Amino acid sequence: MYYKSKGYRIFSIFNHILLILVALSCLLPMLHLLAQSFSSKTAVNGNLVSFWPVDFNIEAYVKTFKNTNFTGSMRISVVRTVLGTLISMFIITTAGYALSKDFRGRNALMWIFIFTMLFSGGLIPSYILVTILGLKDTIWSLVLPGAFGAYNLILIMNFFKTIPKALEEAAFIDGASFFVIFRKIYLPLSLPGLATVGLFIMVGSWNAWFDGILYMSNTTDYPLASFLQTVVVQGSAQSMALSQSEAAALSEQSIKAAQIFISTLPIILVYPFLQKYFVKGIVLGAVKE
């Protein structure tokens, strides 16, 4: 057992305390929302709910799933996230594989991509371009403008560079093409990087709200994040589709809490499946010198 100095032990204690506080700052608001979503209107309006439901009921969730505005926007978000992730991963992995090689003009291409990280065409030119291309009021206006990300490209490219060149050389000797090497060597050995970048893209697509408001003329075509923005931030009670009797029995705050909590579940459920790929050294020992 190695020796731990007094300073190291003190640092470890404070580090654990800090991490626990950060974890609580993320967890407690979610518990409060969950408790509100399962509480009665009287308890919520009277500020009696903390981290445990008061007068437990599930009416907020029943109303939420009966709301066609909510379910429709959730369906659009699922389609947008799946399409956006697949298209974006295809673009950045193929581009990252090519840019991980040395060829004439590579540095110029990299500077062009880096330039897009620092400067954009602007909001108005982007809107005009999407409109001229006929993408406005379609799912493609939510998918294609953000399909390429230079930051994600750099992450994938650098991950590809860590794969030993001897593997590729051996595959070339066996007659494999660039596409076969990319599909059967680079992608399987890059699962940690692909999972990490894929998760970044999924979270970004699921949480994006401004482009839905910008490119969709009809509120029924809003993705979930844009729908929640109109309900929670703008306070649009019409989007909740509450009748007079339902408004008298249910708290708007409970319904908002239920909608917010449901919107976070898909991404939370994805994490356990991708966490096993967040490892280091997957290619260590693949080639023996």
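I count a residue as buried under 20% relative accessible area, as exposed over 50%, and as partly exposed in between, with a 1.4 Å probe and protein chains only. The model is predicted, so local features need pLDDT of at least 70 and side-chain atom pairs count only at pLDDT 80 or more, while totals for chains, interfaces and linings use all residues. Residues are numbered from 1 along each chain as its sequence is written, and side-chain values use heavy atoms, with hydrogens and water left out.

First, the chain as a whole. It has 15 helices and zero strands; helices (H or I, at least four residues) and strands (E, at least two) are DSSP runs numbered from the N terminus. Of the 289 residues, 35% are buried. Contact means heavy atoms within 4.5 Å. Among contacts between residues at least 6 apart in sequence, 72% join residues at least 24 apart. The chain exposes about 17500 Å², with carbon and sulfur atoms supplying 68% of it; the areas come from the Shrake-Rupley method with a 1.4 Å probe, and for residues only the protein chains shown count as cover.

Now aspartate 55. It sits in the loop between helix 2 (41-45) and helix 3 (59-66). Aspartate 55 counts as exposed because its relative accessible area is 51%. Leaving aside neighbours within four places in sequence, aspartate 55 contacts Phe38, Ser39 and Ser40. Its C-alpha atom is 7.9 Å from that of phenylalanine 38, 17 residues away along the chain. With serine 40, aspartate 55 makes a side-chain to side-chain polar contact at 3.2 Å. A polar contact is a pair of N or O atoms within 3.5 Å; within protein, one must be able to donate a hydrogen and the other to accept it, and residues adjacent in sequence count only if both atoms are side-chain atoms.

Next, salt bridges: a side-chain nitrogen of Lys or Arg within 4 Å of a carboxyl oxygen of Asp or Glu. The whole structure has three. Aspartate 211 and arginine 80 form one at 2.5 Å, N to O. That pair links distant parts of the chain, 131 residues apart, from helix 12 (residues 210-215) to helix 4 (residues 68-99). Aspartate 211 is buried at 17%, and arginine 80 is buried at 4% relative accessibility.

Lysine 101 and glutamate 168 form another, at 2.6 Å, N to O. Lysine 101 is in the loop between helix 4 and helix 5 (106-118) and glutamate 168 in helix 9 (residues 165-173), so the pair ties together parts 67 residues apart in sequence. Lysine 136 also bridges to aspartate 137, with the closest N and O atoms 3.9 Å apart.
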